[in-house]
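Please view the sequence and the structure together while reading.

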Amino acid sequence: MSTSTDILTAPVPAPAEVIVPPRAARRAERTRAGARRARVAALTALPLLALLFAWYLLTENQVVFWLRFDKIPTPAEVFDAFGTQLGAASYYRDIVASTRRILVGFGLATVSGVLVGMAIGRSATVSALLRPVLEVFRPIPAIALVPLAILLFPTGEQGIVFITFFAAFFPVAVSTIHAMHALPRVWEEAAHTLGARRREILFQIALPGALPGIFSGLSVAMGVAWICVISAEMISGQFGIGYFTWQSYGLLDYPSVIVGMLTIGALGWCTAWLVEMAGRRVNRWLPRAGR
């Protein structure tokens, strides 16, 4: 006969596991992923649509209240101008020219900025030699170098690439320096204890550990590079999306001016997204990157 103690101490049977067929699990995961993407797309489109609607109301009603919207082209006029530019080969040539300048200047700034930042951040001697030079040139606006670039370089193309490089170099170098200084000292001490050499510590511990901070600088540098390349094209360029925008202003073609502005914004958004995606892939080891 069972006692109350036996009943209390009797093992409780484990609940039966619910086995979900692999195909159904994958289908459910795809459904959830699709819902997440749809939600993100809706949240992204909502403020853009709100801005478009506000633009339509202000320009159609020619509102003048401190800011004057009676001279601003309407969305319909800009849409017509955009359709005209889509049929012009010069529009695509300008986009390719600006994108090429950004990629070359930003690429050179990335490589040199990371190398210089690592050298300054890891070596007190190099820091004493190069950090003063870095701090002297860093406050100089890149666009102020346009006259000097015209004198230095044989072609305007090289001068614009140099200005783009100059603008993007300092955010990358400074972020790399700070990322090197922020590395936990215990990482290097542990590697020394395990017999790691200086080069192994530099490229297998210091550089990977600093990559999150480096990519933060790259994101800032991309935005600064676009600002400066467009400004340089407006001043000394013969083609490029900045030159197209300024030329349209000179011809009083205001709808095309806004087409140029929106094109610059779209190109900047795409390149910033590429930098962010590269950062997520490189920094997959971070806990937040996995989410």
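## Basis for the accessibility terms

A residue is called buried when its relative accessible area is under 20% and exposed when that area is over 50%, with partly exposed in between. The model discussed here is predicted.

## Cysteines

A search of the whole structure finds zero disulfides. C228 takes part in no disulfide, and the nearest cysteine sulfur, that of C270, is 20 Å away. Likewise, C270 is in no disulfide, the nearest cysteine sulfur being that of C228, 20 Å away. A disulfide requires a pair of cysteine sulfur atoms within 2.5 Å.

With regard to accessibility, C228 has a relative accessible area of 10% and is therefore buried. C270 has a relative accessibility of 46%, so this cysteine counts as partly exposed.

## Nonpolar surface patch

On the surface, a nonpolar patch is formed by L48, L51, W269, W273 and L274. Together these residues present about 590 Å² of accessible area.

Two helices each supply at least two residues of the patch: helix 2, which spans 22-60, and helix 11, which spans 254-282. Helix 11 gives the most, with three residues.

## L51 within the patch

L51, one of the patch residues, lies in helix 2. Because its relative accessibility is 60%, L51 counts as exposed.

Conventions:
Residues numbered from 1 in each chain as written. Predicted model: local features only at pLDDT ≥ 70, side-chain atom pairs only at ≥ 80, totals over all residues. Heavy atoms only, no water. Patch = residues over 30% accessible without salt bridge, like charges linked within 9 Å, V, L, I, M, F, W, Y side chains within 5 Å. Areas by Shrake-Rupley, 256 points an atom, 1.4 Å probe, with all protein chains shown as cover. Salt bridge = Lys/Arg side-chain N within 4 Å of Asp/Glu carboxyl O. Helix = DSSP H or I, 4+ residues; strand = E, 2+ residues; numbered from the N terminus. Buried < 20%, exposed > 50% of the residue type's maximum accessible area, 1.4 Å probe, protein only.
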